[in-house]
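Please read the following account alongside the sequence and the coordinates.

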Amino acid sequence: MPKLKNKVAAVIDIGSSDVKLQVSQLRGKQIVPLSTLEYPLKLGHEVFCLGKISFECLRELSHILSGFAQVMREFGVQQYRAVGTTALREARNREFILDQLLIQNRMAVEILDDGREKSLIYSAMTQALRAQDAPKKTPEQALLAYIGTGSIGISLFNGSHIFFTQNISTGSLKLH
């Protein structure tokens with residue numbers, strides 16, 4: 001098994017309204033963020049209004065990813081994961097977009113299904129609840145709400161795990 005000490009990794013999130021890069025390093029048992037970049041991009045506006053991503057938007061996305069790749073090289077990133085959410089998931093031309101990103105940027109983008117995307121979001125929320133209440137007791141019950149650009153969701157948390165989730169495919173960009 002390869003040595004993981006001080007390993008540098010990155011995550012790219014291609015969302016409905018922006019593209020984010022987080023570069024982190026494993027130090028001991030801690031994941032330490034080194035850099036976070038965010039670039040606005042109106043993928044969701046195009047997809048939710050027109051049903052697809054335009055060539056101009058694809059060109060801009062490719063340019064952003066090229067810049068992110070350069071940053072990852074500078075940090076010595078050894079492993080990365082690029083994911084797309086609602087806008088890519090709902091684009092009629094998503095297969096073409098994914099192929100072009102692979103060809104132009106040598107980047108394989110995984111589209112997260114809605115359940116997986118919300119699972120990651122709610123997991124981060126429950127971790128934050130636990131960390132926030134570390135000196136106190138974790139709340140026995142909590143209602144968690146997620147309002148995104150492409151979807152809205154709620155979950156019920158009983159202090160140890162989420163036992164109910166409901167997502168609606170309507171977000172701030174889709175309300176127009």
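In this predicted model, three strands form an open sheet in the order S6-S7-S8, with antiparallel pairing. Strands are DSSP runs of E with at least two residues, helices are runs of H or I with at least four, and both are numbered from the N terminus; two strands count as paired if DSSP finds at least two bridges between them. Strand S6 (142-147) and strand S8 (162-168) form the edges, each pairing on one side only. Neighbouring strands of this sheet are turned by 15° against each other on average, direction ignored; the axes are lines fitted to C-alpha atoms, for helices over the stretch in contact, and angles run from 0 to 180 degrees between N-to-C directions.

Strand S7 (residues 152-157) pairs with S8 in the antiparallel sense over six bridges, and Gly153 has Asn167 in S8 as its bridge partner. Residues are numbered from 1 along each chain as its sequence is written. Local features need pLDDT of at least 70 and side-chain atom pairs count only at pLDDT 80 or more, whereas totals for chains, interfaces and linings use all residues, and side-chain values use heavy atoms, with hydrogens and water left out.

Strand S8 also contains Phe164. Together with Leu143, Ile154 and Phe163, Phe164 forms a nonpolar patch on the surface, with about 400 Å² of accessible area in total. Areas come from the Shrake-Rupley method with a 1.4 Å probe, and for residues only the protein chains shown count as cover. Phe164 is partly exposed because its relative accessible area is 38%; buried means under 20%, exposed over 50%, and partly exposed in between (1.4 Å probe, protein chains only).

The other sheet is also open, with five strands in the order S3-S2-S1-S4-S5 and mixed pairing. Strand S1 (residues 8-14) and strand S2 (residues 18-27) pair in the antiparallel sense over seven bridges; Val8 stands opposite Gln25 in S2. Helix H2 (residues 55-75) packs on this sheet, touching S1, S2, S3 and strand S4 (79-84), and its direction makes about 15° with that of S2. Contact here means heavy atoms within 4.5 Å.

Helix H1 (residues 43-50) has Leu43, Gly44, Glu46, Val47 and Phe48 as its buried residues. Their cover includes S1, H2 and helix H3 (86-90). After H1 comes Gly51, with a positive phi near 90°.

Helix H4 (residues 94-105) holds Asp99, which counts as partly exposed because its relative accessibility is 44%. The C-alpha atoms of Asp99 and Val109, ten residues apart along the chain, are separated by 9.1 Å.

The protein chain as a whole has five helices and eight strands, running β-β-β-α-α-β-α-α-β-α-β-β-β from the N terminus on. Of its 176 residues, 38% are buried. Among contacts with a separation of 6 or more, 52% involve residues 24 or more positions apart. The chain exposes about 10,700 Å², of which carbon and sulfur atoms supply 55%.

Methods:
Patches are made of residues with over 30% relative accessible area and no salt bridge: like charges are joined within 9 Å, nonpolar side chains (Val, Leu, Ile, Met, Phe, Trp, Tyr) within 5 Å. A salt bridge is a side-chain nitrogen of Lys or Arg within 4 Å of a carboxyl oxygen of Asp or Glu.
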